[in-house]
Amino acid sequence: MLNQLLYITWDPNLVAFEIGPLSIRWYSLCWLIGLALAYFVVRQLFKDQKIPDEKFDPLFIYCFLGILVGARLGHCIFYEPEYFLSSGKHMVEMILPIKFSADGDWHLTGYEGLASHGGTLGLILALLLYVKRTGVKLWTVLDNIAIATGTTACFIRLGNLMNSEIVGKVTDVPWAFLFVNGHPSIAHEPRHPAQLYEALAYALLFIIMIILYKKSKQPTANSQQPAVPQVGTGFYFGLCLFYIFLFRFFIEYTKEIQVDFEAGLPLDMGQILSLPFIAIGGWFMMKGWKKVKG
């Protein structure tokens, strides 16, 4: 008991507020805040780059649906295929935010399980459709979205923190969390707040992106070329992928496995899925730098 007093007891109310019979959970609220911040950041970037408002307006819908559908399907297929692909009812649960009970009845649960790797793939596919419809250059769209991504990623992980999910491994560091609302098997063990580590890393990514974007608009002292690549080169898209998934790869060492089959793997599923994103991101970063250097 004395040892537990040395750590941070994490026991938040899962519900942020209620409107009549409707309960708004912190997790959902964090998702909405993250998406709203990205919306305003990208809108400002489009205005700064003189892209017409009518080309921006449909972007949010494409991004929202792409991230949500991709993240949901990614979790179901990558992490729990033996459950969600085992019956027609479970496949319905992949698409709709419901869960069937043993007697055949169902109840509304919200989407319990979203995977960032699937969300990234869903977002990219949605942006390809957006580009085809609006005619905005693909790399301009991808770079602008990448600049804002850190805000959304940060709040998604804060939502995970409020849900006491995706927890870290047992540790004795003084900032360890006791996830009282977590699964009974972890509720009384001090653990790394891995969600908080990621949230802080993604907030830092956003700051780095804004600094680089401002530098990209300023020529160097002895050249008319900017010091860093401009939007439209693919550099920011590459940096976003490289930074997020490289950090994700190493932060997995502080996390508990999410599903049992990962226990027998040399790398967990999050690390395996991160490797191609790291490689793709690094390639686009180098390609963007080459455009600056001529």
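Trainee: Which residues are buried in helix 8?

Mentor: Burial is read residue by residue along the helix. In this predicted model, the buried residues of helix 8 are Ala194, Gln195, Tyr197, Glu198, Ala199, Ala201, Tyr202, Leu205, Met209, Leu212, Tyr213 and Ser216.

Trainee: What do the buried residues of helix 8 pack against?

Mentor: Their partners are helix 1 (26-48), helix 7 (138-162), strand 6 (177-179) and helix 9 (235-251).

Trainee: How many Å should helix 8 span?

Mentor: Take 1.5 Å a residue: the 23 residues of helix 8 (residues 194-216) should then span 33 Å. The end C-alpha atoms of helix 8 are 33 Å apart, which agrees.

Trainee: Strand 6 came up just now. In what order do the strands of its open sheet stand?

Mentor: The general idea comes first: strands of a sheet pair through backbone hydrogen bonds, either parallel or antiparallel. Here, 3 strands make an open sheet in the order 1-6-7, with mixed pairing. Strand 1 (8-10) and strand 7 (190-191) are at the edges with a single partner strand each, so one side of each has no neighbour in the sheet.

Trainee: Do strand 1 and strand 6 run parallel or antiparallel?

Mentor: Parallel, and 3 bridges join them. For a place to look, find isoleucine 8, which stands opposite phenylalanine 177 in strand 6.

Trainee: And where should I look for a hairpin?

Mentor: Go to strand 2 and strand 3, which form a hairpin with 2 residues between them. Glycine 20, in the turn, has a positive phi of about 60°. Strand 2 (residues 15-19) pairs with strand 3 in the antiparallel sense over 4 bridges, and isoleucine 19 has leucine 22 of strand 3 as its bridge partner.

Trainee: Is isoleucine 24 buried or exposed?

Mentor: Isoleucine 24, which lies in strand 3 (residues 22-25), has a relative accessible area of 18%. The cut-off for buried is under 20%, so isoleucine 24 counts as buried. Leaving aside neighbours within four places in sequence, isoleucine 24 is in contact with Val15, Ala16, Phe17 and Leu29.

Trainee: Last one: at what angle do helix 3 and helix 6 pack?

Mentor: Read the angle together with the distance between axes. Helix 3 (residues 59-78) and helix 6 (residues 116-134) pack at about 145°, with axes 6 Å apart, and the crossing is right-handed. Among the residues making the contact are Gly66, Gly70 and Gly74 of helix 3 and Gly118, Gly119 and Gly122 of helix 6. By type, the contact residues divide into 11 nonpolar, 7 polar and 1 charged.

Definitions and conventions. Residues are numbered from 1 along each chain as its sequence is written. This is a predicted model: local features need pLDDT of at least 70, side-chain atom pairs count only at pLDDT 80 or more; totals for chains, interfaces and linings use all residues. Side-chain values use heavy atoms; hydrogens and water are left out. Buried means under 20% relative accessible area, exposed over 50%, partly exposed in between (1.4 Å probe, protein chains only). Contact means heavy atoms within 4.5 Å. The expected span of a helix is 1.5 Å times one less than its number of residues. Two strands pair if DSSP finds at least two bridges between them. Axes are lines fitted to C-alpha atoms, for helices over the stretch in contact, and angles run from 0 to 180 degrees between N-to-C directions. A crossing is left-handed if the near helix is turned anticlockwise from the far one by less than a right angle, and right-handed if clockwise. Ala, Val, Leu, Ile, Met, Phe, Trp, Tyr, Cys and Pro count as nonpolar, Asp, Glu, Lys and Arg as charged, and the others, Gly among them, as polar.
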